[in-house]
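The following note is intended for a colleague who is meeting this structure for the first time. Please read the points alongside the sequence and the model.

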Amino acid sequence: MAISLTCDGATRRDFLKVGAVGAGLSLSGFLRMASAGEVKGAKATSAIFINLNGGPSHMDTFDLKPDAPAEFRGAFNPIKTNVPGMEISEHLPKLAQCGDKFALLRGVTHTLGAHELGTEYVNSGNRPIPSLEYPGYGVVFTKENQDTAPKDLPPFVAIPNSSQRAGFLGVQYAPLNTGSTPRPGQPFNVRGISLSGGVTIEEVERRQNLLADLDKTFAGVEKESQLLTGLDRFSEQAHAIITSRRAREAFDVSKENPKFAEPFGAEGFGQSCLLATRLIESGVRFCSISLGGWDTHGTNFTTLKTRLCPTLDTGLSALLNGLSQKGLLESTVVFVTGEFGRTPKINQRSAEGGRDHYPRCMFMVMAGGGVKGGQVLGESDDKATMPKNEGFSPADVAASFYQALGIDHTKEYHSNTGRPIMIVRDGNVIPKLFS
Amino acid sequence: MSIRTLLLTLGGLGAACLLATARDNSARGDDQAAAPQELLPVSQRFVPSDVAEEPSFQRHVSPLFGRLGCNGRACHGSFQGRGGFRLSLFGYDFKADHESLAKGDKPRVSVDSPLDSLILVKPTNEELHEGGERYKKESWEYNVFRRWVEAGAKFDAAKDMQKLVRLEVTPSEILFSKSGETVQMKAVAVWPDGTREDVTPLCRFQSNSDQVSKITELGLVTATEPGDTHIVISYDNAVVPVPVIRPVSDKFGEKYPQVATFNKVDELVIEKLRKLGMIPSEVASDAEFFRRVSLDLTGTLPTPTEVEAFLADPSSQKRAAKIDELLASPAYAAWWTTKLCDYTGNNDRALNNTMPVQGSSSQIWYDWIYKRMADNTPYDKIVEGIVLAKSRKEGQTYAEYCQEMSEIYHPDSEKKFADRDNMPFYWARNNLRQPEERAIGFAYTFLGIRIQCAQCHKHPFDQWSKDDFDAFKGFFSRVQFSQNGARDKETQDQYKEILAKLEIPVDARMGGNDIRRALPEKLKQKMTVPFGELFVMAPAPQNRRPNNNGNQNRNRPPAAQAKARILGGEDMNLNDVADARTPLMDWLRNKDNPYFAKAFANRVWASYFNVGIVQPPDDMSLANPPSNKALLDHLAAGFIEHNFDMKWLHREILNSRTYQLTWQPNATNAKDERNFSRAVPRRLPAEVAYDAVQMATASDAKAATMRSDLKNRAIAIAGASAQNQGNRAGNAGFALTVFGRSIRESNCDCDRSMEASLLQTVFLQNDNQVLSQISGGRDTFAEDLSKKFRPKLDPNNKAQEVTNIGREVAKLQVRIERVTKDENKEQLERLQGRLAELTKSLDDLTAPEAEPMEDAPGLVKQVYLRTLSRYPSPDEMKRCTDYLASASSPLEGAKGLLWTLINTKEFIVNH
């Protein structure tokens, strides 16, 4: 996995990997059957969270200001979407064609201009504090849905890894990280899921039988120990996952119908979106995807135009269309955000200029799961420097995200220190998202 | 009336040893009558409607709000208040509460028309009250509030505020014998003027375990199940725990059997167990003891050879000798350095940009502590080196400091940071820059207490008030870390001078980041570069605006505070001392400090018994008393007496019979997890689990070196993120996260997770990292075996292979020569490794060939020893040899067996 450096010096995993093109097969029937019946009502039962690490420039993507002075405006022009009055960047043409599928939030605002802090905020809906680590959305979701999640699938998968920390809820709710992104048409090996080291299913069963016979040292006292009981339970579930054909098939993007897979493109991000679609289809409840590189202090416009915008455009539009095609968009809420926006005023670090960290004004995107698409909520001022009116906080959007998932964001947990902590402390649901 | 309830009383709390029942409360009054001037409780005094007494705001009105739940979090104690009325959470902010009642737009009291006061009409539901009816009209509660309002609703903080002398609680210990028994608690407040008042109806009561006893809001305790716990009584700023014990068998007290003890620790443990009627388990077998102590003390599995040698050793002193041997090993120093890095919060992300070379600050932190653990430097000395750290030595200029530091970083330098007297990075972390954050972190790290509650409100379970917190944080505002040296002119001139000499091309666009990126290269060229430094602000108060904007500018130094107070101490003027941390350090190591020695002793204990004597180990508070106070006192006193010798503490605990008990329970102690009557199975900590898998799957030769050679060991990873330069255990990042290695964010012990999880099991069962380690590769057990089990070659093939290897060796030698010339160390190491492998293969080829699988039982024994550190039972042996016989090949069988034993519970728990 390549490592890229963000401006504040922290090494971060490079979330984008490019693979080779190939063909695949279609999903087997039982896979589809398995997820039937889990969809009910208007509320989302699963979620895909996409983190745009580095902080994407709002003014060059989803909140353009063509009439702003030259030192703000930037090189890009807005284009119309398939929704009258809703305009986005000319470098997101495919997303423009599915504007009706997502809601665009503008004038989201906060004050944390460092990658680390901003990331924790937008991944948990809570402003970070030093005395405690807040759990990310997927972690809370996993805890809230532990009884209903399928037993032979990991409930929360991060592709390739996630900024959502387990925090005070504990590692038992942490995601399974795939560690890498799939390549088009090729079998995808996921640590822990795929069989490796030359071990066959038959050998796994032989070993499991031996294990069942030998693992008896604590027989009789197990019920007195939470730990031993837990280890037994996890052992059963791990076995179920490892030997589950459904799980292996779900991770194997090469099994996807080539026609369906084609719009996702060949890049790692697009393939991650494809994988997330398959996982949700087979019963995984929460997926997170990361697309990094948005920390464009230097050559902002070239990077966006040639690399980031096309990548996001292809992957996200294919994801929304794909979910919709499979009939999963109504039950799956998609949430896309970076940790902050970027300075409206263009800096002079390079000939073409760049943009720096800017939390006061940013955008977020939400779709599916009862969210009403084709609308723009909120507005920034003339130069996109702050919300025009009141604006939204990341906590408000987080509360709404939980709302879509049927989780009451005012519910309280107790931290390890016994302190009561609300899931999202300062958020208010944005009702317009759903109407 | 025949409930046999024994009430014990400690000396000094009055004479009370009596029988009581639920209905027999009145007996108390007579018994206490001997005490002078004791006022009857308000619940009696305020019953008559014509009562003339004026209640006190501090003593009666405010606590009554607490008792009725008015200042709870869901009600008016919420930070937003409720219905426009806010009280301080859990009370004790008398001034604010009084203002909130008597002043503002909508006062809750009406002195002119007392009966219309909202505090009378709302809680009685005369006027709609969201919180429902809290008391009845004309009740004593009503009369207390009414009389206070009628008398003018007075409170003057300066005049009326009094410091509670003590809260006398009887009984001071409760011994139950069966379910349903009850005891009524009584609490008497003693005030400076000598007033004694029965305040039982004004106290808040809680039981620490409903499983053992329940308590009503009026202080009636009821026995539920056998076991022990505490009930906690709070009034004003007093928090008093009272132990409740109900024996788990009939063998308690005088009927308790004779139990052997090795040392004082055992005596104190037994003293408690005797009360509980709980009999300790048997002493563990040598195999159980050795695996446990090896994992606990050195974070390392024993090798098969070590296990067999230990089991065969006939000496009666072998356990003590083994403890000494382990204490002297590098793995002990490494594992306990990791723990100290947890407690102190060695977090590489929080140390970003503190040194010119990324990641080096964390490594320095680790190495500095490691040296001291290896030397067994007294604990207080280590803490002093951290707490009083300053980057510059006495009299050193910034330029001299930078030169000294640069020399440490120069290639092939002999100089080591660990040789410096102190380690400044504890204070340099960017996530703990504000005095509040530092105060909270410091309390966790060095005191084992949690004071963050008091940052905003009276601590609900301890004596600390917001005022105590604010006074304490003053110690933490004068130490600062700056990437570019202190801000004085002299330093800044030197900084510029050093920078100028580096001739970094600086153009207008270049920011601090760009300069910083150029520095590592300059260090490689043996130049002197500027270094960040930790410095202490001058004592004179600076005339500046306080920094009140919280997170918005975390890098801006906070304003210095002139006055400060250690917890439980007196105010002091910080301008009288050169370094505000000095009085803090003096307090820490003072033998009367109630926390410092205990915090460490308790953590050491917790690492051996799954739980601390105080549990959680960093939550020493009045409401969370030790499960065995005498034991904790003994360990802390001994630790101090032995000049904070950490090895003394380890020996005292490990040589006890208590530590050496088996996990196998008897009829009395299966449920015990807090009184140390048996060993409690617990999951291996993340680093230890990772290393144990490595060790169980390593070749014999490799495994033999792992306790002394820390290279590639997870217990030798410096920072929190497990990305370590030059340590292959850096690949362990995923596994360590899954197993809950400490994230080192907050200095809380809870940053480490010891829970089990699905992903951990998936990792052990099917992660490629584990599977590949089991199935072969360099320095693995499978590689050892594959040589052993190699099919016999016919002599011709053998000759051919010898020739082939010979050729490759010749080629390698040429390459090695070349690489040696190029000074490519890394490649050289690799090639030499390969050469060693080939030489070994040659030796193997020419050696007489072993008959594979003749010795299946021997193989089973080997795999048991390297995973579970014991011999297999006859049943296990039979099952395993059957498995091996049915395997596709001896090697595959061995791999399957290794996989299986690594996936037993016995492997992943220490027991």
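What percentage of the contacts in chain B with a separation of 6 or more is accounted for by residues 24 or more positions apart?

1. Such residues account for 66% of those contacts, two residues being in contact if their C-beta atoms, placed from the backbone, lie within 7 Å. The model is predicted: local features need pLDDT of at least 70, side-chain atom pairs count only at pLDDT 80 or more, and totals for chains, interfaces and linings use all residues. Residues are numbered from 1 along each chain as its sequence is written, while chains are lettered from A and ligands numbered from 1 in the order in which they are written.

2. Chain B contains 35 helices and 18 strands, taken as DSSP runs numbered from the N terminus (helices H or I, at least four residues; strands E, at least two). Its C-alpha trace spans about 115 × 80 × 50 Å along the principal axes. Of its 911 residues, 47% are buried, that is, with 20 or more other C-beta atoms, placed from the backbone, within 10 Å of their own.

3. Helix α8 of chain B covers residues 264–276. Its buried residues include B:Val265, B:Leu268 and B:Lys272, and the buried residues of α8(B) pack against β11, β12, α22 and α23 of chain B. Just after α8(B), B:Gly277 adopts a positive phi of about 65°.

4. At the interface, 58 residues of chain B are in contact with 51 residues of chain A. The largest share of this side of chain B, 7 residues, comes from α27(B).

How values were computed. Expected span 1.5 Å × (residues − 1). Buried ≥ 20, exposed ≤ 12 C-beta atoms within 10 Å, placed from the backbone.
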